Structure formats: structure tokens, C-alpha cells
Amino acid sequence: RPGYEIRGGLDPGLPTAIGASGVNLIELSNAYSVFYRNGKYVHPTLIKEIRGVYGDSLFKAEMLQEKQVISEESAAKMLGLMRAVTKIGTAKISMRDIQQQVACKTGTSNGPKDVSIWCGTPELFIGIRFGYDDYSKDIELPQYMKKVSGDSTMLPTGGWLVGPLARKIIDKIYADRAKIEFPENIETYKQTLLDRYADAK
């Protein structure tokens, strides 16, 4: 289908506050992308356009209206937090010395049953998830992680498993593309967080 219907949203129960309400990759990616759009929400579109063999447009999705769902200030602070994750958090190893600035958040479920990363630049956003669709078994530690980490008992995590893939994708995209920096207010907030972290150590 060219369109995508979001389900009824989060379950309105208390366990939702600790992650009990399930969301899929598209829903979670779209939620994170609000931070990169200055707090604006846009309904997800899976297919923007379909063209024929000769370039004629067979289908074009309608332009959807943006809706302000959180303040620009809140969105900027979230991106500042996610920028800090690439310096002192769970994405610091996979994003070390990356040329294009990124803001990321990794995810690791119990087990773990799945691992993920939500990562973006000022102009694009990527959501990646690894796991079994039916949650029937846990993810096993790959051999390369055992060698790189030197710890065969280490648990697979989003930062270790999915982070390197997101890094490769971003490096490839920006290999021949102009690098873009996040706005100054986001970088200032990131630095404030890094300074607080250094003072607390």
C-alpha cells in the first residue's frame, strides 16, 4: 500500500510508562524524527512517488501538513541529549571520529530480543532494528563482537550491533556530500551535558 495507517497509538495503561506498549519501526522512527523537525510531526509516507519506465508519474503521495507537537526548545534539548550519546553514551564507540555530525539513541530490549538505533543528521534520519519478529528467541553474541570486545559473556547491545551499521550508512551517504552541522543551540546544550558529565566523574 502506498499509505500507512498508524494503529490506535500507545495503550493508555500505566505500564506504557516503562515501555510495555509495543510500537513498530515506522512508528518509533516517526516519533524520533519529531526532534529533527523542530518539534513538528508529519504522518509517515512509505512511498512518495512511483514513476513509469519513461519517467511519467504513476502515483504521487499528497503533501501532508506538519503539526507542532512539542516545542522547538524541547526538540533542541532532545537532540542535544542525543548528540551527547555519541560522545559519552552508548553510541560513542560506533560514532567515534565520524566526520558528519550525528545525534543518536540506541536501544536494547530484555534478553535481548531486539536491538536498535535511532540516528540522524540535520537533514536525514535512520531507524534500524535487529531481532526476531516473533520474539521467540534472544539475539546471540556475534563472533566478531567476542573478538573485538574480548568478552565472550558480553550481552549484545544496540550500540555494538546496530551502531556500526548506522555508521557505515552515514559515512557512505556523506562521502561525496557536504557535511552539515547542527544549530548552535543544540551544540551548546550538548557541551553543557558533556561538561556536567566531566564534573561528576
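Some ground rules come first. Numbering starts from 1 along each chain as its sequence is written. Because the model is predicted, local features need pLDDT of at least 70 and side-chain atom pairs count only at pLDDT 80 or more, while totals for chains, interfaces and linings use all residues; side-chain values use heavy atoms, with hydrogens and water left out.

Let's begin with the whole chain. The protein chain has six helices and seven strands, where helices (H or I, at least four residues) and strands (E, at least two) are DSSP runs numbered from the N terminus. Read from that end, the order of elements is α-β-β-β-β-α-β-β-β-α-α-α-α. Along the principal axes, the C-alpha atoms fill a box of roughly 55 × 45 × 45 Å. Of the 201 residues, 33% are buried, with buried meaning under 20% relative accessible area, exposed over 50%, and partly exposed in between (1.4 Å probe, protein chains only). Among contacts (heavy atoms within 4.5 Å) with a separation of 6 or more, 55% link residues 24 or more positions apart.

How far can you trust it? The predictor's confidence in each residue, pLDDT, runs from 0 to 100. The protein chain averages 88, and 95% of the residues score at least 70. Confidence is lowest in helix α3 (residues 143-149), with a mean of 74, and highest in α2, at 97. Where pLDDT is low, the predicted coordinates should not be read in detail.

Now for the sheet. Three strands make an open, antiparallel sheet in the order β5-β6-β7; two strands count as paired if DSSP finds at least two bridges between them. β5 (103-108) and β7 (125-131) sit at the edges with a single partner strand each, so one side of each has no neighbour in the sheet. On average, neighbouring strands are turned by 10 degrees against each other, direction ignored. Angles here run from 0 to 180 degrees between N-to-C directions, and axes are lines fitted to C-alpha atoms, for helices over the stretch in contact.

Take the β5-β6 side of the sheet. These antiparallel strands are joined by six bridges. Glycine 107 stands opposite serine 116 in β6, and lysine 105 has tryptophan 118 as its bridge partner in β6. The two strands form a hairpin with five residues between them, and in the turn glycine 111 has a positive phi of about 115 degrees.

Valine 115 has phenylalanine 130 as its bridge partner in β7, and aspartate 114 stands opposite glycine 131. This hairpin connects β6 to β7 through four residues.

What about burial in β6? Seven of its seven residues are buried. In a regular strand the side chains alternate between the two faces of the sheet. Here both faces of β6 are covered, with Asp114, Ser116, Trp118 and Gly120 buried on one side and Val115, Ile117 and Cys119 on the other.

Buried residues of α1 include Tyr32, Val34, Phe35 and Tyr36. The buried set packs against β1 (40-41), α2, β5, β6 and β7.

Finally, there is α6 (residues 184-200). By that same rule its 17 residues should span 24 Å, and the end C-alpha atoms are 24 Å apart, which agrees. Ile186, Glu187, Lys190, Leu193 and Leu194 are buried in α6. They cover an arc of only 120 degrees around the axis, which puts them on the same side of α6; the arc is that of the directions from the helix axis to the C-beta atoms. These buried residues pack against α2. Exposed Glu184, Arg196 and Asp199 lie on the face of α6 turned away from its buried side.

How values were computed. Expected span 1.5 Å × (residues − 1).
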